[in-house]
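Subject: Structure for you to look at

Hello,

Here is the structure I said I would pass on. Please open it first; my notes follow below.

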Amino acid sequence: MKIQGKMFIWLSVFILAMAVVYGVWSKEPAGTTALFLAFGLCIMVGYYLAFTARRVDAGAQDNEDAEVADDAGELGFFSPHSWQPLSLAIGGALAFLGVVFGFWLLYFSLPVILVGLFGWVFEYYRGENRTQ
């Protein structure tokens, strides 16, 4: 993770330099703001990766002599049968339709989003999947 953290930090330095140059030359606020926001996102991701790399073991990507097979293995637990992303997608679609047709539609989308979000977070705390 050290390599990825350094890459994002260097990318953020480059984007910051380009944002300053673009802002001075073009005097266009939308693109300059977008570049500064991209700088902020890159610095956040880079700092997180660099901060986390100090607390975890070195991965195969940090070893120059590593083979592709050195990074094989279990990557984590991913829910194979969750219906909660579907309810979040329906709630998100209703929320964005609320921007188009009227903000009153947000009153109907918020409960759907909250049910999907709480269901996804607490999916493995109750029911048949409680022991996983």
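In helix 2, the buried residues are Gly-31, Thr-32, Cys-42, Gly-46, Leu-49, Thr-52 and Ala-53. Buried here means under 20% relative accessible area, exposed means over 50%, and partly exposed is in between (1.4 Å probe, protein chains only). Helices are DSSP runs (H or I, at least four residues), numbered from the N terminus.

This is a predicted model, in which local features need pLDDT of at least 70 and side-chain atom pairs count only at pLDDT 80 or more, while totals for chains, interfaces and linings use all residues. Residues are numbered from 1 along each chain as its sequence is written, and side-chain values use heavy atoms, with hydrogens and water left out.

The cover over the buried residues of helix 2 includes helix 1, where contact means heavy atoms within 4.5 Å. Helix 1 has buried residues of its own, namely Gly-5, Ser-12, Ile-15 and Ala-19, and what covers them includes helix 2.

Helix 1 runs over residues 2-26 and reaches 35 Å from its first C-alpha to its last, close to the 36 Å expected. The expected span is 1.5 Å times one less than the number of residues. Helix 2 has 25 residues and should span 36 Å, which agrees with the 36 Å between its end C-alpha atoms.

After helix 1 comes Lys-27, with a positive phi near 55 degrees. Glu-28 then caps the N-terminal end of helix 2, with a side-chain oxygen 3.4 Å from the backbone nitrogen of Ala-30; a polar contact is a pair of N or O atoms within 3.5 Å, one able to donate a hydrogen and the other to accept it, and residues adjacent in sequence count only if both atoms are side-chain atoms.

**Aromatic rings**

The structure holds 4 aromatic pairs. One of them is Tyr-47 with Phe-51, stacked at 5.7 Å centre to centre and 25 degrees between the planes. Rings of Phe, Tyr and Trp (its six-membered ring) pair if their centres lie within 6.5 Å; planes under 30 degrees apart count as stacked, over 60 as edge-to-face and the rest as tilted.

Tyr-47 and Phe-51 lie in helix 2, 4 residues apart, about one turn of the helix. Tyr-47 counts as exposed because its relative accessibility is 52%, and Phe-51 counts as partly exposed because its value is 30%.

The ring centres of Trp-104 and Phe-108 are 6.2 Å apart and their planes are at 85 degrees, so this pair is edge-to-face. Phe-118, Phe-122 and Tyr-125 form one aromatic cluster.

Regards

Technical notes. Helix = DSSP H or I, 4+ residues; strand = E, 2+ residues; numbered from the N terminus.
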